[in-house]
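Here's a quick tour of how this one packs together. Have a look at the model first, then read on.

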Amino acid sequence: MTTDFYHFANWFLIYSVLGWIVESIYMSLCNRKLTNRGFVRGPICPIYGVGALAAYFILSPVSGNYVAVYFLGTLMATTLEFITAHVMLKVFGAVWWDYKEKPFNYKGIICLESTIAWGFYAVFLFAFLHKAVVRLADSYSMALGKVLIVAALLYYVSDFVYCIMRARRNEGLDKDGILVKTE
(Lines give C-alpha, C1' and ligand atoms only; values in the text may rest on other atoms or scores of the structure.)
Protein backbone atom coordinates (compact mmCIF):
# COMPACT_ATOMS: atom_id res chain seq x y z
CA MET A 1 0.00 0.00 0.00
CA THR A 2 3.00 2.33 0.17
CA THR A 3 2.92 3.67 -3.37
CA ASP A 4 3.68 7.20 -4.50
CA PHE A 5 1.54 9.77 -6.29
CA TYR A 6 3.27 9.04 -9.59
CA HIS A 7 2.01 5.45 -9.59
CA PHE A 8 -1.47 6.40 -8.39
CA ALA A 9 -1.76 8.97 -11.20
CA ASN A 10 -0.61 6.38 -13.76
CA TRP A 11 -3.03 3.80 -12.45
CA PHE A 12 -5.88 6.34 -12.46
CA LEU A 13 -5.26 7.22 -16.10
CA ILE A 14 -4.84 3.60 -17.20
CA TYR A 15 -8.03 2.49 -15.42
CA SER A 16 -9.91 5.51 -16.81
CA VAL A 17 -8.88 4.71 -20.38
CA LEU A 18 -9.60 0.99 -19.93
CA GLY A 19 -13.02 1.86 -18.52
CA TRP A 20 -13.72 4.04 -21.54
CA ILE A 21 -12.68 1.21 -23.88
CA VAL A 22 -14.85 -1.41 -22.16
CA GLU A 23 -17.83 0.93 -21.79
CA SER A 24 -17.61 2.13 -25.40
CA ILE A 25 -17.30 -1.42 -26.77
CA TYR A 26 -20.22 -2.63 -24.66
CA MET A 27 -22.47 0.28 -25.63
CA SER A 28 -21.41 0.05 -29.28
CA LEU A 29 -22.53 -3.58 -29.29
CA CYS A 30 -25.80 -2.70 -27.54
CA ASN A 31 -26.47 0.24 -29.88
CA ARG A 32 -25.17 -1.59 -32.96
CA LYS A 33 -23.12 1.48 -33.85
CA LEU A 34 -19.92 3.09 -32.58
CA THR A 35 -20.66 4.83 -29.29
CA ASN A 36 -18.31 7.03 -27.26
CA ARG A 37 -19.39 6.61 -23.66
CA GLY A 38 -17.05 9.16 -22.20
CA PHE A 39 -18.36 12.45 -20.86
CA VAL A 40 -15.43 14.27 -22.39
CA ARG A 41 -14.36 14.09 -26.00
CA GLY A 42 -11.15 12.19 -25.24
CA PRO A 43 -10.92 8.45 -24.55
CA ILE A 44 -11.32 8.55 -20.78
CA CYS A 45 -14.00 7.69 -18.20
CA PRO A 46 -12.57 8.92 -14.90
CA ILE A 47 -15.31 7.24 -12.87
CA TYR A 48 -13.56 3.95 -13.66
CA GLY A 49 -10.25 5.34 -12.44
CA VAL A 50 -11.89 6.55 -9.24
CA GLY A 51 -13.78 3.27 -8.80
CA ALA A 52 -10.76 1.04 -9.44
CA LEU A 53 -8.51 3.00 -7.08
CA ALA A 54 -11.22 3.16 -4.41
CA ALA A 55 -11.68 -0.61 -4.70
CA TYR A 56 -7.92 -1.15 -4.56
CA PHE A 57 -7.50 0.96 -1.42
CA ILE A 58 -10.62 -0.12 0.43
CA LEU A 59 -10.72 -3.80 -0.53
CA SER A 60 -6.98 -4.57 -0.33
CA PRO A 61 -7.29 -5.91 3.23
CA VAL A 62 -9.68 -8.63 1.96
CA SER A 63 -8.05 -9.10 -1.46
CA GLY A 64 -7.33 -12.76 -0.77
CA ASN A 65 -11.00 -13.51 -0.09
CA TYR A 66 -12.77 -13.27 -3.45
CA VAL A 67 -16.23 -13.79 -1.93
CA ALA A 68 -15.71 -10.75 0.31
CA VAL A 69 -14.23 -8.81 -2.63
CA TYR A 70 -17.28 -9.69 -4.73
CA PHE A 71 -19.90 -8.59 -2.20
CA LEU A 72 -18.04 -5.51 -1.01
CA GLY A 73 -17.30 -4.62 -4.65
CA THR A 74 -21.00 -4.74 -5.51
CA LEU A 75 -21.81 -2.51 -2.55
CA MET A 76 -19.02 -0.01 -3.22
CA ALA A 77 -19.55 0.36 -6.97
CA THR A 78 -23.34 0.56 -6.73
CA THR A 79 -22.99 3.20 -4.00
CA LEU A 80 -20.53 5.15 -6.16
CA GLU A 81 -22.91 4.94 -9.12
CA PHE A 82 -25.82 6.09 -6.92
CA ILE A 83 -23.88 9.04 -5.48
CA THR A 84 -22.54 10.02 -8.91
CA ALA A 85 -26.09 10.04 -10.30
CA HIS A 86 -27.28 12.35 -7.53
CA VAL A 87 -24.31 14.69 -7.99
CA MET A 88 -25.02 14.79 -11.74
CA LEU A 89 -28.68 15.57 -11.05
CA LYS A 90 -27.67 18.49 -8.82
CA VAL A 91 -25.00 19.83 -11.18
CA PHE A 92 -26.53 19.13 -14.60
CA GLY A 93 -30.15 18.31 -13.90
CA ALA A 94 -29.71 14.93 -15.61
CA VAL A 95 -27.99 11.56 -15.34
CA TRP A 96 -26.15 10.35 -18.42
CA TRP A 97 -27.17 6.72 -18.22
CA ASP A 98 -30.55 5.10 -17.98
CA TYR A 99 -31.37 1.70 -16.51
CA LYS A 100 -35.16 2.16 -16.68
CA GLU A 101 -35.43 -0.69 -19.19
CA LYS A 102 -33.43 -3.05 -16.93
CA PRO A 103 -35.24 -5.26 -14.44
CA PHE A 104 -34.83 -4.46 -10.75
CA ASN A 105 -33.72 -0.87 -11.28
CA TYR A 106 -34.08 2.05 -8.91
CA LYS A 107 -35.18 5.23 -10.70
CA GLY A 108 -33.09 4.20 -13.70
CA ILE A 109 -29.82 5.08 -11.91
CA ILE A 110 -28.84 1.71 -10.48
CA CYS A 111 -29.93 -1.81 -11.38
CA LEU A 112 -29.33 -5.39 -10.30
CA GLU A 113 -27.58 -6.35 -13.55
CA SER A 114 -24.90 -3.68 -13.09
CA THR A 115 -24.58 -4.42 -9.38
CA ILE A 116 -23.85 -8.08 -10.14
CA ALA A 117 -21.34 -7.05 -12.83
CA TRP A 118 -19.54 -4.65 -10.44
CA GLY A 119 -18.83 -7.57 -8.11
CA PHE A 120 -17.26 -9.58 -10.91
CA TYR A 121 -15.23 -6.54 -11.97
CA ALA A 122 -13.92 -6.20 -8.40
CA VAL A 123 -12.80 -9.85 -8.34
CA PHE A 124 -11.24 -9.44 -11.81
CA LEU A 125 -9.42 -6.33 -10.55
CA PHE A 126 -7.70 -8.23 -7.74
CA ALA A 127 -7.24 -11.53 -9.56
CA PHE A 128 -5.74 -10.16 -12.78
CA LEU A 129 -6.22 -6.55 -13.79
CA HIS A 130 -4.31 -4.63 -11.13
CA LYS A 131 -1.18 -6.68 -11.70
CA ALA A 132 -1.36 -5.90 -15.43
CA VAL A 133 -1.95 -2.19 -14.77
CA VAL A 134 1.06 -2.07 -12.43
CA ARG A 135 3.22 -3.81 -15.06
CA LEU A 136 2.04 -1.39 -17.74
CA ALA A 137 2.72 1.66 -15.54
CA ASP A 138 6.19 0.29 -14.76
CA SER A 139 6.97 -0.53 -18.41
CA TYR A 140 8.04 2.99 -19.35
CA SER A 141 10.56 5.31 -17.75
CA MET A 142 9.49 7.59 -14.93
CA ALA A 143 10.58 10.62 -16.98
CA LEU A 144 8.29 9.62 -19.84
CA GLY A 145 5.55 8.69 -17.37
CA LYS A 146 5.65 12.14 -15.74
CA VAL A 147 5.34 13.84 -19.13
CA LEU A 148 2.43 11.55 -20.06
CA ILE A 149 0.67 12.18 -16.74
CA VAL A 150 1.00 15.96 -16.95
CA ALA A 151 -0.06 16.05 -20.63
CA ALA A 152 -2.99 13.68 -20.07
CA LEU A 153 -4.20 15.49 -16.97
CA LEU A 154 -3.92 18.93 -18.62
CA TYR A 155 -5.81 17.66 -21.64
CA TYR A 156 -8.43 15.95 -19.50
CA VAL A 157 -9.00 18.95 -17.22
CA SER A 158 -9.38 21.36 -20.15
CA ASP A 159 -11.66 18.90 -21.99
CA PHE A 160 -13.67 18.33 -18.82
CA VAL A 161 -14.15 22.07 -18.19
CA TYR A 162 -15.22 22.58 -21.80
CA CYS A 163 -17.69 19.67 -21.64
CA ILE A 164 -19.11 20.83 -18.29
CA MET A 165 -19.70 24.31 -19.69
CA ARG A 166 -21.33 22.83 -22.79
CA ALA A 167 -23.52 20.47 -20.75
CA ARG A 168 -24.56 23.21 -18.33
CA ARG A 169 -25.84 25.18 -21.33
CA ASN A 170 -27.82 22.02 -22.18
CA GLU A 171 -26.13 21.73 -25.54
CA GLY A 172 -25.81 18.17 -26.63
CA LEU A 173 -28.37 16.72 -24.18
CA ASP A 174 -31.19 14.63 -25.60
CA LYS A 175 -34.77 14.65 -24.30
CA ASP A 176 -33.83 12.25 -21.47
CA GLY A 177 -30.84 14.33 -20.35
CA ILE A 178 -28.33 11.88 -21.84
CA LEU A 179 -25.23 13.58 -23.26
CA VAL A 180 -25.19 13.43 -27.05
CA LYS A 181 -21.86 13.98 -28.77
CA THR A 182 -22.01 17.02 -31.02
CA GLU A 183 -18.94 17.72 -33.09
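This is a predicted model: local features need pLDDT of at least 70, side-chain atom pairs count only at pLDDT 80 or more; totals for chains, interfaces and linings use all residues.

Phe57 has a relative accessible area of 32%, so it is partly exposed. The two rings pair up edge-to-face, 5.5 Å centre to centre with 65 degrees between the planes. They also belong to one aromatic cluster with Phe8 and Trp11. Across the whole structure, a search turns up 11 aromatic pairs.

## The helix around it

α2 runs over 14 residues and spans 19 Å from first C-alpha to last, close to the 20 Å expected at 1.5 Å a residue. Its buried residues are Pro46, Gly49, Ala52, Leu53, Ala55, Tyr56 and Leu59. As a reminder, an α-helix has 3.6 residues a turn, so residues three or four places apart point the same way.

The largest nonpolar core holds 27 residues, and Trp11, Tyr15, Leu59, Val69, Leu125 and Phe126 have the most contacts inside it. Each of α1, α2, α3, α4 and α5 supplies at least two of its residues, with α1 giving the most, at 8. There's also a second, separate core of 11 residues, including Ala85, Ala94, Trp96 and Ile164.

What does Tyr15 touch, leaving aside its neighbours within four places in sequence? Its contacts are Tyr48, Gly49, Ala52, Leu53, Leu125, Leu129, His130 and Val133.

Definitions and conventions
Residues are numbered from 1 along each chain as its sequence is written. Side-chain values use heavy atoms; hydrogens and water are left out. A nonpolar core is a set of buried Ala, Val, Leu, Ile, Met, Phe, Trp, Tyr and Cys residues joined through side-chain atoms within 4.5 Å. Buried means under 20% relative accessible area, exposed over 50%, partly exposed in between (1.4 Å probe, protein chains only). Helices (H or I, at least four residues) and strands (E, at least two) are DSSP runs, numbered from the N terminus. Contact means heavy atoms within 4.5 Å. The expected span of a helix is 1.5 Å times one less than its number of residues. Rings of Phe, Tyr and Trp (its six-membered ring) pair if their centres lie within 6.5 Å; planes under 30 degrees apart count as stacked, over 60 as edge-to-face and the rest as tilted.
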